[in-house]
Amino acid sequence: MKAVIMAGGFGTRIHPLTIDLPKPMIPLYNRPIMLHIIELLKKHGIDELILLLYHQPMIIKNFFGDGSEFGVRITYVTPLEDFGTAGAVKMAAKHLDERFMIISGDLLTDFDLSKAMTFHEEKQAKGTLTLTSVKDPLQFGVVITNKEGKITKFLEKPGWGEVFSDTINTGIYVLEPEVLDMIPEGENRDWSKDIFPQMLANDDALFGCSLDGYWADIGNTDAYLEACQDIAAGRVAINLNEKPTRTNDGQLFLGDGAQLTKDEKSLVEGMVVLGDNSQVLGKSRLINCVVGRNCIIEDGVELKDATLWDNVYIKKNTTVTGAVLCNNVRVGQKVVIEEGAVIAEETTIGDEALIKKDVKIWPRKVIEGGAIVSTNLIWGEKWRKSIFEGAIVRGLTNVELTPEFAAKLGAAYGSILPKDSSVLTGRDSVRSSRMLKRSFAGGLLSAGINVRDSKMVSLPVLRYKLTTFGEVGGIQFRQSPEEPAATDILFFDAEGIEISSATAKNIERIFFKENFRRVHYTDPGGISEIPRIYDYYREGFLRSLDAPAIAKAAPKVVVDLNHSSAGELLPGILNELGCEVIELNSQVSETRTGTSPEQDAKAMDQLSRIVVTLGAKAGFWMGPSGERMRLVDETGELLSDIETMAVLTALVCQAEHRDSLVVPISAPSIIELLAAEAGMLVKRTKNDPRSIAESAKDRRVQFAASMDGRFAFPCFQHNFDALFTVAKTLELLVRTGLSIGQVRKNLPKRYYEHVEVPCSLEFKGGVMRKMSEDSVDLEASFIDGVRIQLKNDWALMLPDQYRPVAHIIAESADEKRAKELAETYRKKVEKWKQELQ
């Protein structure tokens with residue numbers, strides 16, 4: 001049997017380790033990563049190999065030659081273009097006239113490959129994917145199989161709500177040669193995105209074989225360091241060039257000519273590898289570390305969980321902890337290199353320098369003595385692993401989100417957009433939002449992007465403008481509603497919808513690498529204002545309402561504007577519609593410090609009392625950004641978000657009797673009951689706002705709602721808009737002749753329970769798998785999480801996308817039954833967590 005080793009990747013995610021080396025040649029315990037893969041293949045009887053090369057191919061060819069030195073036969077194939085993972089294998093088709101295996105050259109695994117081959121034979125499969133369970137499946141492709149092992153579904157890099165299994169695609173495949181006939185010659189094709197889904201659609205014999213053992217995708221520097229530590233801890237066994245020698249506290253492996261002072265062996269702890277001709281002088285302390293060839297370690301040096309490549313020189317009393325030092329690095333005396341740092345080739349570090357945690361230093365740099373290096377020398381500071389939560393970047397103002405950070409983020413965002421395109425920017429009334437927006441705009445300009453600045457504006461107005469023309473995206477800065485000391489930066493696409501996770505990842509990649517597009521000094525973007533942005537909004541707003549009906553009724557309303565920028569627009573529109581408006585908290589504040597729950601409760605109580613005292617038709621509380629709304633009926637009763645959703649649904653159904661409604665999977669089933677009476681349809685989506693807005697773009701949608709008091713009426717715009725919701729609610733009340741209190745009392749009685757169960761990241765995938773397995777014989781839906789229908793009742797288990805919790809939601813016509821359902825599934829989740837430990 002033959003094997004194809006994928007060895008052509010650029011390795012950009014693992015920079016700077018791959019600046020001067022192709023990724024498969026990165027040394028792992030003094031041997032290239034790919035050599036460990038070749039030895040694994042040989043162990044399982046596969047000795048005829050085809051290596052697919054692309055990036056720096058000669059380095060690989062010069063090392064492996066024809067393979068005879070390693071007991072294998074190697075054929076090299078080097079495509080002239082990047083044809084994708086499947087397209088590249090197609091280039092080797094003439095060498096693949098029998099069953100073959102595909103494996104990546106940058107994996108570390110001890111899988112029983114023979115088991116996968118036997119499985120493939122027994123199932124008479126056309127293709128077999130090797131699978132394994134991992135704690136965090138989000139960054140991999142999740143694979144769903146039936147009881148026979150046949151693949152039924154692929155999920156490429158899913159969210160937690162889609163993770164119905166923690167079983168992922170390992171990138172190791174066994175294939176029959178006819179599979180290559182599905183790949184067009186000379187075209188870019190990917191196995192996971194193109195070929196395997198096509199095989200699934202064709203109902204081909206595509207199976208998944210789950211294997212136990214160690215498996216690591218060495219995709220970045222953190223994964224590389226973790227793999228080194230796993231080897232030291234004995235989690236995976238590999239072959240070494242060095243010979244073992246026992247010490248008092250650990251195991252020492254010495255290469256040819258390696259020297260260790262006689263009394264030094266007592267200072268070796270754990271697993272320590274010393275490469276050929278390397279020397280440890282004096283009383284250094286070596287703990288779970290690997291030292292390459294021709295290295296010199298002077299007296300007093302401490303290496304802990306460190307990886308040194310070849311020709312590294314470390315002077316006296318230096319400490320290196322959990323870091324990588326590449327070839328030909330020179331380190332002075334009393335230097336401290338902290339965990340996660342990577343020092344690339346031919347870098348010189350002066351005496352008493354401090355290299356802070358996670359700092360990356362690109363090749364051939366000089367660090368002066370005494371310097372404190374807290375940022376990447378070229379590529380900037382690594383802020384965190386993921387800066388986005390959905391379409392939002394959130395951080396403490398002027399601590400995490402600084403002007404420097406905002407400028408870099410603006411440059412990263414601008415770098416993914418077409419040069420000379422325009423971005424719409426806006427902010428709330430808070431001064432810190434203005435500060436950060438201006439810095440962000442500078443980053444956009446540096447990337448050749450034009451900024452169309454709407455200054456202080458309500459978020460629905462900005463999103464409405466994006467639905468018209470002229471901009472490729474929009475940004476809004478606001479004080480975070482969850483933490484007054486924090487700022488939210490919200491990103492929107494050209495239709496005013498939250499950007500996709502793929503777009504967010506593109507921005508993150510450029511941000512972390514600082515691979516910004518820097519335009520010529522004559523070509524930066526320009527800044528312009530939009531003087532009539534409120535006029536555009538007002539005109540569309542009024543066109544979308546039955547203004548004469550509202551004017552005839554002249555309803556009296558109380559609106560708490562919450563010191564937001566909505567105060568500059570909403571009262572005027574309502575007055576123009578003929579409403580009698582009583583405004584509360586209409587003064588816009590630039591120095592808001594947020595409100596406490598007690599202050600919010602007091603404001604709601606005041607709104608309720610004023611509605612009753614003045615005999616108003618309704619009361620409305622506006623969220624600071626203009627998207628969220630709370631509703632008070634004519635009796636002063638404050639409705640919950642779910643009650644408001646139900647009341648607005650009832651009003652729409654009474655008034656329209658056509659088309660459809662959009663709500664998330666966790667919305668109460670009362671929505672379907674109301675829609676059925678009116679002959680309308682209900683479409684359920686994922687809980688995230690992007691999915692709701694995308695569904696609301698359908699012209700046949702009358703109303704869309706989220707679970708947190710945000711509503712959209714697509715007759716005006718498909719994005720959430722509390723300003724329009726206020727006016728539309730009044731129109732619906734007038735058209736139906738009903739009051740909010742009447743609608744509320746006539747709603748079908750349903751009880752809704754929501755509990756949160758602590759669930760850390762490492763358990764989420766397993767819990768989702770357990771829930772999926774538990775629901776095999778039940779009526780279940782998998783739109784987002786797992787929702788079980790139990791006659792007229794239902795329960796939903798939904799892992800939180802960002803927080804370490806799982807949401808359990810249950811609904812029933814009986815309050816006791818709803819509580820019992822929620823408690824039943826809460827106990828199940830707790831039990832599954834115990835089983836996964």
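**Exercise 1.** In what order do the strands of the open sheet of seven strands stand, and is the pairing parallel or antiparallel?

*Solution.* This is a predicted model, in which local features need pLDDT of at least 70 and side-chain atom pairs count only at pLDDT 80 or more, whereas totals for chains, interfaces and linings use all residues. Residues are numbered from 1 along each chain as its sequence is written, and side-chain values use heavy atoms, with hydrogens and water left out.

Strands are DSSP runs (E, at least two residues) numbered from the N terminus, and two of them pair if DSSP finds at least two bridges between them. The order is 14-16-18-21-24-27-30, with parallel pairing. Strand 14 (259-260) and strand 30 (366-367) each have a single partner strand, so one side of each lacks a neighbour in the sheet. Within the sheet, strand 24 (residues 330-331) pairs with strand 27 (residues 348-349) over two bridges, and Arg330 lies opposite Thr348 of strand 27.

**Exercise 2.** Determine how many disulfides the structure holds, and examine Cys295 and Cys326.

*Solution.* With a disulfide taken as a pair of cysteine sulfur atoms within 2.5 Å, the count is zero. For Cys295 the closest cysteine sulfur, in Cys289, is 11 Å away, which is too far for a bond. Cys326 is likewise in no disulfide, the nearest cysteine sulfur being that of Cys228, at 11 Å. Cys295 is buried (under 20% relative accessible area, with exposed over 50% and partly exposed in between, for a 1.4 Å probe and protein chains only), at 0% relative accessibility, and Cys326 is buried at 0%.

Conventions:
Helix = DSSP H or I, 4+ residues; strand = E, 2+ residues; numbered from the N terminus.
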